[in-house]
Each structure stands twice: as structure tokens, then as C-alpha cells.
Amino acid sequence: MSSTYHLTTPLSSEDTKQLVAGDTVYLTGVLFTARDAAHKRLVELIEKGEALPFDLEGSVIYFVGPTPPKPGDPIGSAGPTTSYRMDSFSPTMLKHGSRGMIGKGKRNQAVKDACVAYDGIYFGATGGAGALLGKLIKSAEVIAYPELGPEAVRRLEVVDFPVAVINDTHGNDLYQQGREQYEVKA
Amino acid sequence: MREIPFDTIVKAVKDIIVYSGTDLPQDTYDALKKAMEDEQSPVAKNVIKQLLENADIAKDEKRPLCQDTGLAVFFVKVGDEVKVTGGLLKDAINKGTEEGYRDAYLRASTCEPFSRANLKDTVGYNLPAIIHFDIVAGDKIEIEYAAKGGGSENVSRAKVFPPAAGKEGIVAYVKEVISDAGGNPCPPITVGVGIGGTFEKATISSKHALFRDIGSVNPDPEMAALEQEILTEVNKLGIGAMGMGGTQTALAVHIESNPCHIASLPVSVNVQCHSSRHTHITI
């Protein structure tokens with residue numbers, strides 16, 4: 001039976017280990033945005049042993065490429081992008097302290113294994129709910145790589161940002177298990 | 001010969017783009033509402049509830065429904081007694097597209113295929129639009145428009161079957177395409193199926209099928225029955241809203257069928273996400 005949690009970032013191992021695929025979580029606090037190009041740069045810094053533009057410990061990374069903000073708004077519509085493009089980078093991020101990712105769509109086995117090994121969670125946000133999710137972002141500040149435009153790393157402050165647990169620290173996968181539960185075999 | 005000024009077309013196109021970016025069509029909204037009621041999975045039900053809330057917020061606050069505001073796709077029927085004055089019809093549609101996307105803070109998503117360079121400062125903001133023209137009798141111009149996102153387009157496929165594949169082959173193929181797609185095209189989806197014609201005719205028909213209102217009945221009873229059969233099969237897959245498991249994977253299946261060559265049975269499957277932003281105007 002799925003549960004509902006309200007968690008505040010940064011996330012601890014205690015926070016993540018209690019979660020099970022299918023749970024609903026409302027996140028409050030700071031999220032960092034990064035897509036393909038930013039991930040490549042962050043992982044390069046980690047491999048060189050250099051400092052990152054933000055503290056990875058307990059961090060939650062949001063895979064998003066928002067629409068331009070209207071004047072006066074912190075951000076435009078901001079729903080998740082497809083996550084598999086980050087699969088080659090995510091295990092390194094988790095190994096070095098990041099504890100959550102938010103996106104949409106399936107991850108590969110290496111990412112699922114890294115969630116188990118490093119107490120990480122892959123959260124699914126609702127794709128196409130860009131207006132709703134954008135509204136829950138109270139502030140957005142570019143903190144690295146402004147030259148990447150929509151792909152720059154942003155520090156977002158969110159309140160009750162709704163996500164579902166897709167891959168948990170126990171090796172469960174909601175995409176697989178949820179589908180099996182409702183599939184009608186011929 | 002009726003004359004329509006270039007600027008009239010630009011304004012009409014701009015208006016439907018601005019409107020479609022934030023206002024989910026009523027047919028889509030109603031279909032999502034029904035899907036939420038019918039959904040058996042509490043997780044998927046909650047996802048669809050968020051989609052309806054999202055549509056309400058987008059409409060009330062004029063925020064884009066989704067950050068993927070799509071490529072602009074048009075089907076245009078030009079009456080043979082109409083003349084556009086002051087410029088070309090195609091240029092007017094592109095100009096209206098650019099102004100609509102830019103002024104409404106929609107995302108510019110067109111890029112060069114290999115360098116991936118965004119075209120907003122070279123070709124134009126979210127240009128070029130994808131435009132399919134047809135010439136019909138009369139003194140009007142009918143413009144059908146849809147914003148087509150990338151996630152659902154990426155899972156679409158076409159194949160030319162031998163005639164013996166028949167309806168059975170088509171049902172199995174559509175089911176296979178949707179099964180492989182899983183949650184990536186942002187379900188609950190609309191499935192456009194183009195049958196017959198030639199290779200390209202089938203794909204264009206599958207696109208045009210997505211412009212039909214969800215909940216409308218195919219005028220061809222045989223195709224209406226096939227749509228229902230495919231819908232039932234697709235919803236047995238268990239994919240559910242955003243792939244999280246559930247009974248409501250597709251809202252509708254729309255078929256457009258064409259006469260074809262005696263040797264072939266082309267089939268195309270084009271998928272539209274739950275944010276089925278489509279509309280039409282007649283000028």
C-alpha cells in the first residue's frame with residue numbers, strides 16, 4: 001500500500017530508505033536543475049576532484065528545461081524532461097552524495113543499482129503538468145553555466161512539490177511493477 | 001475571387017497559437033476527467049488529477065500547459081476562390097506562428113538536426129511550422145492546428161505490411177508500438193492510426209487523425225469498431241498515466257483509412273501526449 005510523505009531537502013539516508021516505489025512525496029526546500037550539458041560538466045568536476053557549484057550531499061536534482069518566464073515570474077512552465085539522457089551521469093552524482101533525481105521515463109539498470117548502493121531515489125514528476133509545477137517554484141537563481149541558457153544550473157526553492165517514487169533504495173521499479181499489476185494478459 | 005489580406009491570416013494564426021498554449025481543448029479536458037473517474041490505480045488517478053489541476057491553472061493564469069510547447073503543425077484547406085493579398089499564405093502562417101510563440105512566452109523548440117543549434121535567431125522563433133496544404137472548392141480558408149511535443153513524436157512508427165496482415169496485423173502492431181513506448185509519450189495518450197495510401201500518405205493520415213476531437217465517432221462504422229477494438233487492447237497493457245501502472249493508457253484511438261496499392265498495406269502510428277492541444281478556424 002502506497003504512503004504519502006512530506007520531506008524537506010537536503011535528504012538524508014533515513015529519509016530515502018523509508019520510501020517505496022509507488023509512494024507519493026511532497027518535497028519542500030531546494031532543488032538543483034541540470035540537464036545533459038550541465039551533468040557532463042558536473043561529472044567532469046567530480047572526476048577531477050574539483051569543487052562543484054553546489055553541495056551535492058543530500059541534494060535533489062531536477063531534470064527540466066523550462067519555458068521563458070513572464071515578466072515578474074521566477075520561472076515559466078517547468079515540468080520534467082525525459083530522464084534516460086542522464087543515465088550515464090547519475091550513478092556518479094549519487095556516489096558523491098546526491099540523493100534524489102526528478103524526471104520522467106525509464107532509467108537503466110546502472111541507475112537503479114546506484115539508487116540501492118547509495119540510498120538514492122528516482123522520483124517521477126508528472127510530465128506535462130508544467131504550469132502546476134512551475135507555480136510551486138517560489139524562486140529560481142542561475143548558479144552555474146549561464147551560457148547554457150535553459151540548461152544552466154539553477155537553484156530552485158519549492159514548496160510541496162509533488163513527485164512519485166519510481167526507483168527506491170530497495171531495487172523496486174514502479175514503471176515495471178505498476179504495469180504488471182494492471183496488465184491484462186491475453 | 002474573394003480576397004483575404006496577409007495580415008488577417010497572421011493574426012488568426014497567432015491567436016490560435018496563443019490560445020492553444022494555455023487552454024486545453026474541452027474534448028481533451030473532458031476525456032481526462034472521465035479517465036480519472038475510470039482509473040483503478042490510485043497513483044495514476046492522482047497523476048490525472050494533477051493534469052486537470054494543471055489545465056485549470058494554465059487557463060486561469062495564462063501559463064503554458066507544458067514546457068514542451070511543441071512544433072506548430074497545420075493542415076490547411078484553401079478554397080479555389082480565395083486569393084491572399086499582400087504576401088504568400090505560407091509566409092503568413094509562419095509569421096503568425098513566430099509571433100504567437102514569442103509573444104506568449106512559449107518555448108522555441110526547432111533546431112538544426114546535427115549541430116542541434118536552436119533556430120530562433122536564424123530561421124525564426126519556433127520556425128519553420130509544419131504545413132500540409134490541400135485545395136478545395138469554395139471561398140474560405142480552413143486552418144487546423146496542433147502543437148506537437150517531442151516525447152510522443154519520438155515513439156511514433158510506420159511500417160508497410162503485406163496485405164495478408166489484415167486488421168489482425170494492424171491491431172497487433174499498434175499494441176506493440178504503444179507497449180514499447182511505455183510512459184515516455186506522457187500517457188494517457190491519443191493514438192492516431194493512418195492506414196492505406198502510400199508510405200507517406202499513411203503517416204500524414206496518422207498525424208491528421210490526432211486533430212479529431214476526442215470522443216467523436218468515426219463516420220465509417222467499420223473503422224469505428226476497429227478504433228474501439230484497438231483502444232481496448234491498448235488499455236490492457238497496464239501502462240497507465242505517466243507509465244506508473246493503470247487502466248487508462250489511451251484516451252482514444254483515431255483511424256484514417258485510404259485506398260492503397262494491391263500489393264501493400266501501409267500502417268502508421270502517431271502518438272499524441274495527454275496535452276492534446278488542437279484547434280481549427282475558418283477564415
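A: Contact here means that heavy atoms lie within 4.5 Å. By that rule, 40 residues of chain B are in contact with 40 residues of chain A. This is a predicted model, in which local features need pLDDT of at least 70 and side-chain atom pairs count only at pLDDT 80 or more, while totals for chains, interfaces and linings use all residues. Side-chain values use heavy atoms, with hydrogens and water left out, residues are numbered from 1 along each chain as its sequence is written, and chains are lettered from A and ligands numbered from 1 in the order in which they are written.

Together the chains bury about 3,300 Å², with 55% of it on carbon and sulfur atoms; buried area is the accessible area (1.4 Å probe) that two parts lose on being put together, summed over both. On the chain B side, B:Q67, B:Y105 and B:M244 lose the most area to chain A, together 21% of what that side buries.

The count of salt bridges between the chains is 1, where a salt bridge is a side-chain nitrogen of Lys or Arg within 4 Å of a carboxyl oxygen of Asp or Glu. The side chains of A:K135 and B:E61 meet in a salt bridge, at 2.7 Å from N to O.

Turning to the helices (DSSP runs of H or I, at least four residues, numbered from the N terminus), α3 (42-61) and α6 (166-181) of chain B each supply at least two residues of the side that touches chain A, and the largest share of that side, 11 residues, comes from α3(B).
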